[in-house]
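I opened this model to look up its strands, its helices and its ligand shell. My notes follow in the order I made them.

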Amino acid sequence: MLGNTFGRLFRVTACGESYGDALLVIVDGVPAGMSLCDADIQFDLDRRRPGQTPLDSPRMETDQVKVVSGLLEGVTTGAPVGMIIYNVDRHDIHVQQYRDVKDQIRPGHAEYTYMVKYGTHADWCGAGRASGRETCMRVAAGALAKKILATEGIKVIGYTKSCMGIEATNIPAFDLIETEARKNHIICPDQVAAKKMIDRVMEIKDEGETAGGTIELIARGVPAGLGEPVFDKLNACIAHALMSIGAIKGLEFGAGFGVANMKGSECNDFPYLDENGKVKFRTNNSGGFLGGISNGDDLVMRLAVKPTPTVSVAQPTIDMEKMQETTLGAITRRDPTLLSRIIPVAESMLAMTIVDHLMMWRGYDSLQKFENKWK
Ligand SMILES: Cc1cc2nc3c(=O)[nH]c(=O)nc-3n(C[C@H](O)[C@H](O)[C@H](O)COP(=O)(O)O)c2cc1C
């Protein structure tokens, strides 16, 4: 399997499967001199952890992280930071459930493509590396990235924007979004919409089904100038980061697909000079990117999250051992909707990408030998 490392300078390498012993991550590029303890990382892991609300999987993982390297007396040394989380809720009954249907491909899951790629060695237990469990280590590395961003005055937040067609429209000011969103299980800052969303997910859950939706992410405080103009555009790298999360099926920046129905002057964000003589934009249809480079405005994007593939209704499929069509019933635990659990994962991937680009830009810029009055 290739591609278990993400980033150029801030490099995150992760491993671990759904029913393996443990999940691990090594983060390269962490600056020396940062105070760091397990609790700094645990906070976001607890936001991703299953088994906490009726909207997520009953799998009871504690997701207790241990920082095992890169620290001396609670301060980073600049050495790679290694972290480990043990899988604790692994029981024979669940392994047997997976074993019983290991030859039947579960619709919407990655089994068919894993079988094509890895043959009989494909991990059939809990989806192996395709399981949402691997995202623990993204969140662990992301918590570190967020800590670095905080020292630069950059903050990344995510929340549920819509679920099954119910849209959050009453979005408070940026500083209040997190507090408001955490008042409900679906992590939506519009309380009226959140209630409707939760009621709808519970109805769908009772049908043995699952629900999709969208997540909005905002990064505030990102300086203008991040992103490389051609292949490594900031938005392109963010797309790589976010589209690497399981169950994400769409991504749009700023006005997104809405630009298709706009005239040029409606779409263009007009620049103006603020009271300090700094360049600002009146609107943010661009999502904070121009030519793949951050323009100093908020980075704004939305992700489409598909409904959880595991459902309790019978689904047509194929038995790959017998090469016969068959019907698959429900087999295991699942999240009725993935929305609230994916939010910390998406924030993490965005935070890591921004840190990586900050390091690249600062490194490159330090070699530029001219005065730039617009910086
Ligand atoms: C945090 C997280 C938790 C997930 N939990 C589940 C789950 O409980 N049940 C399930 O069927 N899929 C779950 N998924 C989705 C599957 O991992 C994903 O849909 C599957 O691997 C197929 O990949 P694709 O949807 O990107 O094509 C989860 C994904 C994430 C990111």
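I began at a strand pair: Cys-15 stands opposite Leu-24 in E3. Strands here are DSSP runs of E with at least two residues, helices are runs of H or I with at least four, and both are numbered from the N terminus. Residue numbers start from 1 along each chain as its sequence is written. The model is predicted, so I kept its limits in mind: local features need pLDDT of at least 70, side-chain atom pairs count only at pLDDT 80 or more, and totals for chains, interfaces and linings use all residues.

**Entry: the sheet with E3.** I checked how E2 and E3 pair (two strands pair if DSSP finds at least two bridges between them). They are antiparallel, over 5 bridges. Their hairpin has 6 residues between the strands, and Gly-16 there takes a positive phi near 125°. On the other strand pairing of E3, I found 6 bridges to E7, again antiparallel. Val-27 has Val-81 of E7 as its bridge partner.

I then wrote down the whole order: E1-E2-E3-E7-E4, an open sheet of 5 strands with antiparallel pairing. Strands E1 (5-6) and E4 (65-69) are the edges, each pairing on one side only. E1 meets E2 (residues 11-15) over 2 bridges. Thr-5 stands opposite Thr-13 there.

**Entry: faces of E3.** Which side chains of E3 (residues 22-28) point to the buried face? I found Leu-23, Val-25 and Val-27 on that face. Buried means 20 or more other C-beta atoms within 10 Å of a residue's own, with C-beta atoms placed from the backbone. In a regular strand the side chains alternate between the two faces of the sheet.

**Entry: the sheet with E8.** This open sheet also has antiparallel pairing, and its 5 strands run E9-E8-E10-E16-E11. The edge strands are E9 (166-167) and E11 (248-253). I counted 5 bridges between E11 and E16 (residues 299-305). Gly-250 faces Ala-304 across that pair, standing opposite it.

**Entry: the ligand.** How many residues surround the ligand? I noted 21, near meaning a C-beta atom, placed from the backbone, within 6 Å. The closest are Ala-130, Gly-132, Gly-246, Thr-310 and Arg-334. Helix H9 (residues 339-365) gives the most to this shell, with 3 residues.

Methods:
A residue is buried if 20 or more other C-beta atoms lie within 10 Å of its own, exposed if 12 or fewer, and partly exposed in between; C-beta atoms are placed from the backbone.
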